Amino acid sequence: MITLKEALTKSKEELSEIVADLESKAKQSDLNAYVGFEKSGEGVPILIKDNIQVKGWPVTSASKILQGYIAPYEATAIVNLKKHGMMAFGRANMDEFAMGSTTESSFYGPTKNPHDPTRVPGGSSGGSAAAVAAGIAIAALGSDTGGSIRQPAAYCGVVGMKPTYGRVSRYGLAAYASSLDQIGPIAQNVEDAAILYDAIKGHDPKDSTSAEFEYESIADRLDRNAKMTIAVIDNYVEEADADVRNAFEETVRRLKEAGHRIVHKTMKNTKYDIATYYILATAEAATNLARYDGIRYGRRAAANNTQELFFNTRSEGFGEEVKRRILLGNFVLSSGYYDAYYVKAQKVRHLIRDAYNAVFEEADVILSPVAPSVAPKLGSIHDPLEMYKSDMYTLGVNLAGLPAISLPVAKNAEGMPVGLQLIAKAFDEKRLFDAAASMEKAIAYHDTYNERER
Amino acid sequence: MQIDSELLTKLETLSHLRVADDKKEEIMRQLTDILGYVENLNELDTEGLDPFFSMLEGGTPMREDVTHKEENVAREILAHAPMAEEDFFIVPAIIE
Amino acid sequence: MFETVIGLEVHVQLNTKTKLFCSCPTSFAEHQNSNTCPTCLALPGALPVVNKEAAIKAMRFANAIEAQIDEASRFDRKSYFYPDSPSAYQITQFYAPILRDGKVTIDLADGTQKTIRVTEAHLEADAGKNMHEGAVSKVDLNRAGTPLLEIVSAPDMRSADEAVAYLKKLHATVRYLDISDANMQEGSFRCDVNISIRPKGQEAFGTRVEVKNINSFRFVAQAIAYEVQRQTEAYEDGVYEQEVVQETRLFDVNKGVTRSMRGKEEAADYRYFPEPDLRPLIVTEEMKAAARELPELPDQKVARYTSEWKIKRDDALVIVADKNLANYFETLVAEGAAPKQAVTWLTSELTGRLNKLSKSIEESPVEATTLATLIKRIEEGVISGKGGKELLDHMMENNERDVDALIEKLGLEQVSDDGAILAMIDEILADNEDKVAEYKAGKEKLFGFFVGQVMKASKGSANPGKVNQLLKERLS
């Protein structure tokens, strides 16, 4: 698949050929990565996760309850994308309302992992990652609230990046957890990811949680030779399985060889990140999803009065995982429990952010696993709590609002990719991308695993 | 924290949705497990920490009081609304 | 035996041009759902952005009632489902409202004053409108997102009169500040009343009952009267615990009673938590400066009228109750009318005539400058008071505004010339020598007779003051 960088140099005619070719490949694919083939704008085609508003598209968050909704406005990230020589092509499958780690909760059915169709691509941006990995998308946009870009990128062997909270406007991203959501790039390599990140970032007055910063592009200043002090969190690595631990060790060795300095650190048990996340995210989600009632848009159930309208529409329209999180969210906000759960979690969030900051006093970036194993088999995780725990490495990053990038480092014996993530200080994307570029060079994943021609 | 059927019903009401009868037992069990897990936060000392957490520093940006109409938005939403008449959203009677 | 305790919550719709969290117009919309956008329609991905002017108007109110402004107030989500609430949560300020601890001074009927505390006031977004029509409801979201300032008083009022006085003062204040048009009929000034009773001397409050959404001062008084009676009777009948529960009741304007909304779900759990889509509302120096620009408020006007123009306090209170009345009055005085005359002509003569026509002072056919001229002509003696009234009647019905021309046209000019009047007096006295003798002998009542005769002879055009003065001289 042509890279984003290369595609941006193509002429209009060449691009329309590329789009036609992509469209035909995507339509033939049985991965179920695409749930729509709409087009908007002109330029290099970028696959868009089904929760980012593109004007005129049916943007459904892979949910039954939004069937019939047509977006009448455009997300700022899309507006920005279009200003950088790119167009929106196709909607990517995802977990319903971005709640999940496998894309199995989608109204449109699961997406398959291109490396092994019996396995999940990860979630919630499973469609985006699978399409890029399968060569049926040049690059894609996903969203990351608790790892939903980084984890599927790792499971599919591609690069996925979550910006610092506030870097990319959330205006037009169907909200899951307002203080955690960010739109980010999923791409074939680090440079492509940087290009796409540069294209979508920027302060937005329409988003009150958008950070103000001077715009400076990163992709054209990538320093693959940057030498960093990289912290590894020993107690984290210990909890991963053998595939991940081995890949981790090998990566550390290569990073040392490349001239980086490794420091060893420990952080608090990830169980606290998991707990904090599932309290705060569900609370925000419960209220963010309260607007889905079939009154103004979407799918309405039959009802004799408004009470029935609300209950029937939402009971029929939401999948089980979404219902579970809404119930949980309302529990932690409800009278009598608010202080013990919600407020407690908010306080712990300070501890989590402080813990990262402490590490960053001695290191430029942190190297960490993304998931405790390679992609699991479809239908293999039945227990929601087990699912939640698998997010252990990615959640803390969202709670602290930090930027992070996941890149493939190895494949296990069955050929399944293993990805690791780099985490940087807030607003330190330059260093993050430099470290990633340098790591990518040191690992030479594509050369090692012969992935270039697909 | 035990989620029993009374609490589940209360949560369903707050959430304005119902869990299918044949799924209720399972949901109660799952929610109980999850809550039991998240209660691990009680192991941490959070005395004196700010209950208010802000991702970004500074105040909320403010807008000048200048009108900006987006008439196409309403038109398109009404055109695709589940039930609209004369540009009203129609809902069945509200029981007071 | 019982003391009534009343607290009031007033929702004031702020008259900003745009809504609180989006740039949709708040102005009257010809068509339903036309003043909407992704934010107030609660579309997926929409986000709120705070209207600075709404915050400034709230801060002006704070300064007017000497309240403390929280320089970093915050917004919270208040969750409940209702078709007119598109996001199913209202963005309000529960934990950290923008202002606290203000006071409103009310004037009681006995001439004393009382301070009512304003516990807090906060910004929040209004809901849309539901219109019931048979088996359906029609939802219009034009109003959804309009800025409201909810003003919460302490339970300091002890009677319906005090409650109404407080409401009227608040009403006048927000209109003077020009932060709201406060039109009760149109719903831009809504009152929720909290009423409880307790045996006199008891410190603990009784059970508080809320009566929501009353849209006239008269109904407020009625609702309070009814509730006090209902609660008192319940107490006296020994069924207080059963009959008087903490609940929300509605006021039935036709029957003049309050009705329980029981039968609904139990008390809503609003699950307030900090709005994650917004950051704290940090007030800037620019905003503080803008909020310090206050017009002259009712209390200040009363002080000025009474000290500078020496008019009675009661009269001043009547005038300042309505901003337009106060403006009218001040124009009269600015145009040269004597303040005391201005009071009478405005509050008695003009207002009386306007009431008969069901017109407000803003709709007065006679403008202040015109009325000022009329008053001056009376002071100058050009016309009598009676003549002035005739002139005013004429102007109320006709479009003619040239006071002097009308005086001539209607023949209202008074004879004030000493010589002319003396001539008439001498003639009357000459014709009534016997009566003159009786008068000089002590029958003082005859003075009125002589005045009457002179007035008759002049066909009413003689300046009565002059007649009196000159007649006295002649008869002494």
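**Entry 1: chains A and B.** I first looked up the area between chain A and chain B, and found that they bury about 5500 Å² between them, 69% of it on carbon and sulfur atoms; buried area here is the accessible area (1.4 Å probe) that two parts lose on being put together, summed over both. The model is a predicted one, in which local features need pLDDT of at least 70 and side-chain atom pairs count only at pLDDT 80 or more, while totals for chains, interfaces and linings use all residues. Residues are numbered from 1 along each chain as its sequence is written, chains are lettered from A and ligands numbered from 1 in the order in which they are written, and side-chain values use heavy atoms, with hydrogens and water left out.

Taking contact as heavy atoms within 4.5 Å, I noted 66 residues of chain A in contact with 57 residues of chain B. I then listed 3 salt bridges between chain A and chain B, a salt bridge being a side-chain nitrogen of Lys or Arg within 4 Å of a carboxyl oxygen of Asp or Glu. The side chains of B:Lys23 and A:Glu320 meet in a salt bridge, at 3.2 Å from N to O. Side chains of opposite charge can pair when their charged atoms come close.

The count of residue pairs in polar contact between chain A and chain B, both residues at pLDDT 80 or more, came to 19. A polar contact is a pair of N or O atoms within 3.5 Å, where within protein one must be able to donate a hydrogen and the other to accept it, and residues adjacent in sequence count only if both atoms are side-chain atoms. On the side of chain A that touches chain B, the elements giving two or more residues include α9 (270-288), α10 (306-317) and α11 (320-333) of chain A; helices (H or I, at least four residues) and strands (E, at least two) are DSSP runs, numbered from the N terminus. The largest share of that side, 11 residues, comes from α12(A).

I sorted the residues of that side of chain A into 33 nonpolar, 19 polar and 14 charged, where Ala, Val, Leu, Ile, Met, Phe, Trp, Tyr, Cys and Pro count as nonpolar, Asp, Glu, Lys and Arg as charged, and the others, Gly among them, as polar.

**Entry 2: chains C and B.** I repeated the look-up for chain C and chain B, where the buried area is about 3800 Å², of which carbon and sulfur atoms give 62%. Here 49 residues of chain C are in contact with 35 residues of chain B. I found 1 salt bridge between chain C and chain B, and the side chains of C:Lys52 and B:Glu64 meet in a salt bridge at 2.8 Å, N to O. Polar contacts between chain C and chain B number 24 residue pairs, with both residues at pLDDT 80 or more. Among the elements that give two or more residues to the side of chain C that touches chain B are α1 (52-64) and β9 (129-133) of chain C, while the largest share, 5 residues, comes from β10(C).

Entry 3: I searched the whole structure and found 7 cavities of 30 Å³ or more. On a 1 Å grid over the protein atoms alone, a cavity is a set of points where a 1.4 Å probe fits but cannot get out, and a pocket is an open set with protein on both sides within 12 Å along at least five of seven lines; lining residues have an atom within 4 Å of a point. Grid points are joined across faces, edges and corners, and a volume is the space filled by probe spheres set on the points.

The largest cavity holds about 190 Å³ of space. Of the 17 residues that line the largest cavity, B:Phe53, B:Ser54, B:Met55, C:Pro276 and C:Leu278 are the closest to its centre, yet the largest share of its lining, 3 residues, comes from helix α12 (residues 339-360) of chain A.

For the second largest pocket I noted about 770 Å³ of space and 29 lining residues, with C:Ala165, C:Lys168, C:Lys169, C:Leu317 and C:Ala321 nearest its centre. The largest share of this pocket's lining, 9 residues, comes from α2(C).

**Entry 4: backbone.** I recorded a cis peptide bond joining A:Gly123 and A:Ser124, with omega about 10 degrees, and placed A:Ser124 in the loop between β3 (86-92) and α4 (126-133) of chain A. B:His16 has a positive phi of about 50 degrees although it is not a glycine.
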